Structures are given as structure tokens and as C-alpha cells.
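Please read them with the coordinates open beside you.

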2 protein chains.
Amino acid sequence: MMTRHPATEPLTHSAEDYLKAIYTLSGDAPASTSQIANRLELAPASVSGMIRRLSDQGLLDHEPYRGVLLTDAGRVVALRMVRRHRLIEAYLVEFLGYGWEDVHAEAERLEHAVSETLIERMAAALGHPSVDPHGDPIPGPDGAIDEPDYVPLALLEPGEVAELRRVGTNHAGRLRYIAELGLLPGVPVTVVARQPFEGPVTIRVNDTKQVVAHDLALLLLCVRDAND
Amino acid sequence: MMTRHPATEPLTHSAEDYLKAIYTLSGDAPASTSQIANRLELAPASVSGMIRRLSDQGLLDHEPYRGVLLTDAGRVVALRMVRRHRLIEAYLVEFLGYGWEDVHAEAERLEHAVSETLIERMAAALGHPSVDPHGDPIPGPDGAIDEPDYVPLALLEPGEVAELRRVGTNHAGRLRYIAELGLLPGVPVTVVARQPFEGPVTIRVNDTKQVVAHDLALLLLCVRDAND
DNA sequence: ATTGACATTTCGTATGTACTAATTTATGTT
DNA sequence: AACATAAATTAGTACATACGAAATGTCAAT
């Protein structure tokens with residue numbers, strides 16, 4: 001499949017942001033204009049315009065009024081940005097004393113400015129980690145990424161024991177709160193009770209009982225303990 | 001003196017680059033349009049345009065056809081960029097295994113992307129250094145900068161003993177070469193001979209004799225040894 | 001005082017990215 | 001089938017930044 005773009009023109013920061021956003025939005029279905037606009041806090045009209053440009057560059061497949069999907073070329077860019085973002089987050093936490101609630105904003109700017117060299121040196125300094133501080137997997141330099149099938153805490157039954165692996169938000173306030181509850185990736189969690197109709201979940205963490213809202217519990221991604 | 005700009009609008013990366021360039025260019029005399037164009041590798045017309053905008057924002061004093069000087073507000077920005085640039089250089093060398101010839105390009109991009117927080121954490125990790133790997137002084141968080149009066153090696157007389165303190169170039173090739181000669185800041189240097197008419201200088205460094213071109217020797221900034 | 005060389009500015013234009021307002025398309029309801 | 005609603009696109013505009021070409025200013029040499 002031939003498109004007109006000559007190998008690798010340098011992309012703008014904006015283009016990189018769009019591609020990264022589209023990557024995280026288009027799980028099964030294509031990403032819609034309004035989803036993208038929402039994520040990037042832009043007017044839908046602006047997104048329509050950028051979609052045209054990125055499609056022309058062969059980075060997106062656009063079905064008008066239906067949404068967009070990344071092309072292979074687009075996915076390469078998106079995964080490079082995701083790798084950068086998550087490695088920067090890990091580096092800031094590990095070496096510069098950042099809390100996990102502060103790294104997102106910083107990484108959001110740095111990911112556009114670091115060289116391939118710098119990223120690989122940071123990766124090496126970190127010992128080539130496979131996940132960032134939120135438990136999000138870090139794509140390899142070749143773009144390989146392993147997205148395990150985690151279960152949201154909100155879906156576990158009372159009595160189930162699991163390990164928290166990943167926290168599905170970048171919201172600073174929520175992250176601060178989650179950390180206060182001791183809910184860091186790697187921690188074992190027992191579901192004590194669960195209220196019906198999307199009610200709160202009562203859990204036991206670090207030998208303390210905590211109650212978390214359903215919404216929050218949806219963000220707490222776990223693996224069930226192998227206990228059968 | 002009142003200008004119209006409302007405290008601190010966010011500046012673009014370009015504007016930051018211009019102000020930093022003008023800072024380093026306007027030692028005694030104002031910086032001319034063509035000097036700036038040269039430094040930033042832009043067409044003079046583009047510089048004229050940006051000078052207008054920066055003057056309107058109260059960051060530059062522009063005397064048409066004469067050149068520009070930084071206002072106090074402009075100098076604050078310029079010094080913030082210089083601090084960032086040099087701290088980033090120092091950090092990359094100290095913690096990420098960079099050679100001093102590679103840090104400039106990386107810092108040139110990162111300086112626009114780092115937060116105040118990140119810069120101060122890097123400064124702390126480095127122990128608040130006063131100079132970068134090239135011996136260039138690092139302005140304080142308040143903008144205070146100490147520019148000592150160094151003597152170019154090219155001006156020392158045969159027999160004089162001095163300590164190399166600062167290397168006045170960012171050119172990667174030259175820096176690599178200078179490092180090969182063992183001419184790192186802090187090293188003691190003895191002038192053995194000097195050819196007339198801007199000829200090469202023969203020196204003794206680390207007990208080895210080296211010959212350096214006049215041009216290069218102008219970049220090697222020293223303090224004479226207190227030996228009288 | 002005029003001229004020539006050079007620097008600087010102005011003018012018109014291009015690109016990238018955003019916006020609002022108006023239009024078009026898709027889809028679900030009657 | 002006709003309509004209403006929501007989503008997406010287009011059209012027109014604005015701003016920042018760059019460019020080249022043309023006009024203008026500066027200054028030293030005659």
C-alpha cells in the first residue's frame with residue numbers, strides 16, 4: 001500500500017500528540033473525531049483538519065464520519081511516543097524524586113524533546129524496565145508491547161484475592177489519593193465486600209480496610225491470585 | 001518604565017531562543033539583526049519580524065538599524081534559559097554518560113521543555129554546580145551570574161603557567177579534538193612557545209607537548225597561576 | 001554631495017495549528 | 001419516508017513563524 005510520504009519527514013509536536021492519543025483511543029473501534037478532540041482538549045474542527053494532514057502523510061486511515069485508525073507508519077510513531085513518555089516517567093520517579101502524580105505533565109513535554117540516544121540511556125540507567133510507575137507497559141525500542149489482560153478491581157467478587165498491577169489514570173489528584181490508600185502496583189488486595197448497582201468496593205490492603213468508589217475501582221487493574 | 005505586557009505571558013520556544021542568543025551576543029554593543037540571524041541560522045527578514053514582536057512585549061529595546069538590547073524582563077528570560085541549558089549539560093555528563101561534545105544539541109531542545117521543578121531537582125542532584133562541563137558559569141535561580149575575566153591561552157607569553165578554566169565553543173568536532181589533547185577545564189597548562197603573526201602555540205599539558213592553532217587557543221580561557 | 005556597499009526593514013507569501021460558524025452526513029424515532 | 005439530533009466536515013479567520021524580493025537606511029570613500 002503506497003502513500004505519498006517520503007520515508008520520514010520530521011513530525012511536529014502536535015502530530016505526535018495526535019498519534020499518541022489515537023493509539024490509546026483506538027482499541028477495537030476506530031477513534032472518533034470527538035474522542036480525539038476530547039482527549040486533546042481541542043475543538044472538533046481542529047481535529048478534522050489535523051486528521052486530513054496526517055492521513056495525507058500516510059499516518060492515519062480515515063473513514064469520513066466513521067473515525068480513524070493508525071497505519072503501520074502511524075503506529076510506529078505512536079509507540080515511540082508512548083515508550084518515551086513512560087520511560088521518562090519511570091526515570092523521574094527513580095532518579096529525581098518525583099511522585100507518580102507529577103510525572104505525567106513533565107513527560108508530556110519532554111517526550112517531544114528527547115533524542116533517541118537520551119531515551120536509550122535513561123532506559124539503560126533504569127535497567128530496561130517493562131512498566132512505568134503506574135504499571136503501564138513500556139514498548140520496546142522496536143515497538144513491541146505486551147498489554148496483559150488485567151481485571152478491574154470493580155469486577156472482582158467478595159472473597160477474591162488479587163494483586164494490583166496497573167492504575168489506569170494520569171489524574172494527579174486521583175493518583176495522590178490512590179497512593180494514600182496504599183494502592184501501588186504490586187500490592188496484594190482482598191475484596192471484602194461489594195455494594196450492588198455500581199456501589200463502592202470494600203477491600204483489605206496492607207492489613208487495612210478501605211472503601212473505594214466503583215469508578216475508582218474500575219481503574220485499579222489486577223491479576224487474580226493463583227490460588228486454585 | 002512601563003511596557004504593555006501583562007506580567008508573564010508564556011513565551012514560545014522561538015522567542016526563548018532569540019532572547020538567549022541576544023544575551024550571548026550583546027556583550028558591550030547591542031546585537032545586530034545579522035548577528036542574530038547568523039547565530040540562529042535564520043534569514044535577516046525573519047529576525048526583523050521577531051524583533052518587532054519581542055520589543056512589543058517589552059523584552060527588547062530596539063534602535064532601528066542599530067541593534068537590540070535586552071530589557072530587564074528580557075534578561076530574566078535569557079538567564080533562565082542559560083541556566084537551564086547549562087544545568088542540563090552538566091546533568092547529562094554527570095548522570096547519563098554523555099561526552100561534553102554531545103550535550104549542546106540535546107540541551108538546546110530540552111531547555112524549552114523542562115519545568116522549573118525539574119531544573120531545580122537536577123541542580124540539587126548535581127550539588128548546585130557553578131559551572132557546566134565547558135566551564136561556562138551557571139546563573140543562579142535568581143539570575144545572578146559570575147563571569148570571571150579569563151585570559152585566552154593565545155595571549156599568554158611563553159613561560160607562563162596557567163590553569164584552563166573554560167572552553168569557548170559548542171562545536172562538537174572541536175570539543176572532541178580539544179578533549180583528545182587533554183585540555184579539560186581545571187588542567188594546568190604551560191606555554192612553551194608562541195609563533196608570531198597569530199601562529200600556533202606550543203604548550204605542555206599533562207607532561208605532553210601539544211601544538212594548538214591560534215584560533216583554537218583563543219577559545220581556551222585560562223587563569224594565570226599565582227606564582228609571583 | 002554623491003555614490004556604492006552593505007545592513008536592515010518592509011511587503012507579500014507559505015505553512016502549521018488553532019478557532020467559530022455554517023454545512024453536511026449518519027442515524028434513530030416517529 | 002420524513003424529521004430531529006448528534007457528529008463530523010468545510011469555510012473562513014487568526015496568529016506565530018519562517019521565507020525571498022524589493023525598498024530603504026547607514027556610512028565610508030571619493
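1. Helices (H or I, at least four residues) and strands (E, at least two) are taken as DSSP runs and numbered from the N terminus. This is a predicted model, in which local features need pLDDT of at least 70 and side-chain atom pairs count only at pLDDT 80 or more, while totals for chains, interfaces and linings use all residues. Residues are numbered from 1 along each chain as its sequence is written, and chains are lettered from A and ligands numbered from 1 in the order in which they are written.

2. I begin with DNA strand D, where a residue is called near if its C-beta atom, placed from the backbone, lies within 6 Å of the molecule or strand. There are 23 residues around DNA strand D, and those that come nearest are A:Ser32, A:Ser34, B:Thr12, B:Ala45 and B:Ser46. Two or more residues of this surface come from each of helix H2 (33–40) and helix H3 (44–56) of chain A, and from each of H1 and helix H3 (44–56) of chain B. H3(A) gives the largest share, 6 residues. By class, the surface near DNA strand D has 11 nonpolar, 10 polar and 2 charged residues, where Ala, Val, Leu, Ile, Met, Phe, Trp, Tyr, Cys and Pro count as nonpolar, Asp, Glu, Lys and Arg as charged, and the others, Gly among them, as polar.

3. Which residues come nearest to DNA strand C? Of the 23 residues around DNA strand C, they are A:Thr12, A:Ala45, B:Ser32, B:Ser34 and B:Ala45. Here helix H1 (13–25) and H3 of chain A, together with helix H2 (33–40) and H3 of chain B, each give two or more residues. The largest share of the surface near DNA strand C, 6 residues, belongs to H3(B), and the classes of this surface are 11 nonpolar, 10 polar and 2 charged.

4. The two protein chains can be compared by superposition, done by least squares on the C-alpha atoms of residues with pLDDT of at least 70 in both copies. A rotation of 180° with 0.0 Å of shift along its axis places chain A on chain B with an RMSD of 0.1 Å, which is the relation of a two-fold axis.

5. For the contact between the chains, two residues are in contact if their C-beta atoms, placed from the backbone, lie within 7 Å. Chain A contributes 11 residues and chain B contributes 11 residues. On the side of chain A that touches chain B, helix H5 (103–110) and helix H6 (116–125) each supply at least two residues, and the residues of that side divide into 5 nonpolar, 3 polar and 3 charged. Of the interface residues of chain A, 100% are also interface residues in chain B, so the copies meet through the same surface.

6. Within chain B, the axes of helix H1 (residues 13–25) and helix H4 (residues 72–96) come within 8 Å and cross at roughly 90°; axes are lines fitted to C-alpha atoms, for helices over the stretch in contact, and angles run from 0 to 180 degrees between N-to-C directions. H1(B) and H4(B) are therefore roughly perpendicular to each other, the term used for angles of 65 to 115 degrees. In this contact B:Glu16, B:Leu19, B:Lys20, B:Ile22 and B:Tyr23 of H1(B) meet residues of H4(B), including B:Arg75, B:Val77 and B:Met81. The contact has 7 nonpolar, 1 polar and 3 charged residues.

7. Turning to the sheet of chain A, two strands pair if DSSP finds at least two bridges between them. An open sheet of 6 strands runs in the order E3-E8-E4-E5-E6-E7 with antiparallel pairing, and its edge strands, strand E3 (151–152) and E7, each pair on one side only. Strand E4 (residues 161–167) and strand E5 (residues 188–194) of chain A pair over 3 bridges, with A:Val189 as the bridge partner of A:Ala162. The pairing of E5(A) with strand E6 (residues 201–205) has 5 bridges, and in it A:Val189 partners A:Val205, while A:Arg194 stands opposite A:Val201.

8. Two hairpins in chain A deserve a look at the turn residues. The hairpin of E5(A) and E6(A) has 6 residues between the strands, and A:Phe197 takes a positive phi near 55°. The hairpin of E6(A) and E7(A) has 2 residues between them, with A:Asn206 in the turn at a positive phi of about 45°.

Key. Angles under 35 degrees count as roughly parallel, over 145 as roughly antiparallel, 65 to 115 as roughly perpendicular and the rest as oblique.
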